[in-house]
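Hi everyone, thanks for coming. I'd like to walk you through a structure that may be new to you, so please have a look at it on the screen first.

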Amino acid sequence: MTTVGIACNPRNVSTARGKVPAETVARAYVDAVRRAGGLPLLIPVLPPDEADAVLDIVDRVLVIGGGDVDPARYGESPLPETGEAHAGRDTFEIALVQASAARRSPLLAICRGLQIANVALGGSLVQHVEGHGGDVHHRVRVDAGSRLSGALGATALDANSQHHQAVKDVGGGLRAVAWADDGTIEGVESDELPILGVQWHPELLLDRPEHAGLFRWLVSAG
Ligand SMILES: [Mn+2]
């Protein structure tokens, strides 16, 4: 069975003992991997030099949503709209993306996952975009002939939108392959590496085959 390591979102959660730090993954990601035939394994935030040991165990990686990446990671100062970063998560996920790339191990990056993957490969982010937060839906146009359109089985689709940041300059080896009508980059991939990144949340849209196709790609690619 293909194992998919899902990088956790570290958060403080309320318990009977008050707030405690926890490693979290929304159940929708777990179900999405299982429905695609994969075995999901949750990966906590670890020291970056342990990313390689994780990849000795899991066949591929899913990097999920969450808070903003520290703009210092791409050489900018934070704007007022930018949220506080989790340094440990940024550091570990950058190492996980770079280690996956070094091994040419398949990687699916969703929302913040796309943003951290782009930064890990040398790209930068728009720190605030209007009109993509809340839970609006918008059309996405996908480059015909791209790996992303192959995984989706579509070159145009309706996507949800729960982000306020987006890709600015694409990282080395990546290229933009999907856009909203306002020009916001909604998907990236690489010609050399088995990486797909999308800015929307396909795990919440599994009743539609195009979105489920992204998880089928993750489980079966390579
Ligand atoms: Mn959007």
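Helices here are DSSP runs of H or I with at least four residues, strands are runs of E with at least two, and both are numbered from the N terminus.

Before going on, two words about the source. What you see is a predicted model, in which local features need pLDDT of at least 70, side-chain atom pairs count only at pLDDT 80 or more, and totals for chains, interfaces and linings use all residues. Residues are numbered from 1 along each chain as its sequence is written.

Back to Ile43. This residue counts as buried because it has 24 C-beta neighbours inside 10 Å. The rule is that 20 or more other C-beta atoms within 10 Å make a residue buried, 12 or fewer make it exposed, and anything in between is partly exposed, with C-beta atoms placed from the backbone. Leaving out residues up to four places away in sequence, Ile43 touches Gly5, Ile6, Ala7, Cys8 and Val54. Touching, or contact, means that the C-beta atoms, placed from the backbone, lie within 7 Å. Val54 is eleven residues from Ile43 along the chain, and their C-alpha atoms are separated by 7.9 Å.

Now the whole protein. There are six helices and 13 strands, and 45% of the 222 residues count as buried. The C-alpha trace spans about 50 × 45 × 35 Å along its principal axes. Of the contacts with a separation of 6 or more, 69% join residues 24 or more positions apart.

What about the core? The largest nonpolar core has 62 residues, and Leu62, Val63, Val97, Ala117, Leu214 and Leu218 have the most contacts inside it. Helix H6, residues 209-220, gives the most to this core, with six residues. By nonpolar core I mean a set of buried Ala, Val, Leu, Ile, Met, Phe, Trp, Tyr and Cys residues joined through C-beta atoms within 7 Å. Take Val63: beyond four places in sequence, its contacts include Ala7, Val97, Ile116 and Ala117.

Next, a pair of helices. H3 (residues 87-103) and H4 (residues 112-120) pack at about 70°, with axes 9 Å apart. That angle makes H3 roughly perpendicular to H4. Axes are lines fitted to C-alpha atoms, for helices over the stretch in contact, and angles run from 0 to 180 degrees between N-to-C directions. Under 35 degrees counts as roughly parallel, over 145 as roughly antiparallel, 65 to 115 as roughly perpendicular, and the rest as oblique. From H3, Asp90, Glu93, Ile94, Val97 and Gln98 meet Ile116, Ala117, Val119 and Ala120 of H4.

Two loop residues are worth a look. Arg104, in the loop between H3 and strand E6 (107-110), has a positive phi near 55° without being a glycine. Cys111 sits in the loop between E6 and H4, and its phi is also positive, about 55°. Which of them is buried, and which partly exposed? Arg104 is partly exposed, because it has 13 C-beta neighbours inside 10 Å, while Cys111, with 23, counts as buried.

Last stop: Ala180 in strand E11, residues 174-180. Its contacts beyond four places in sequence are His138, Val140 and Glu186.

Technical notes: Two residues are in contact if their C-beta atoms, placed from the backbone, lie within 7 Å.
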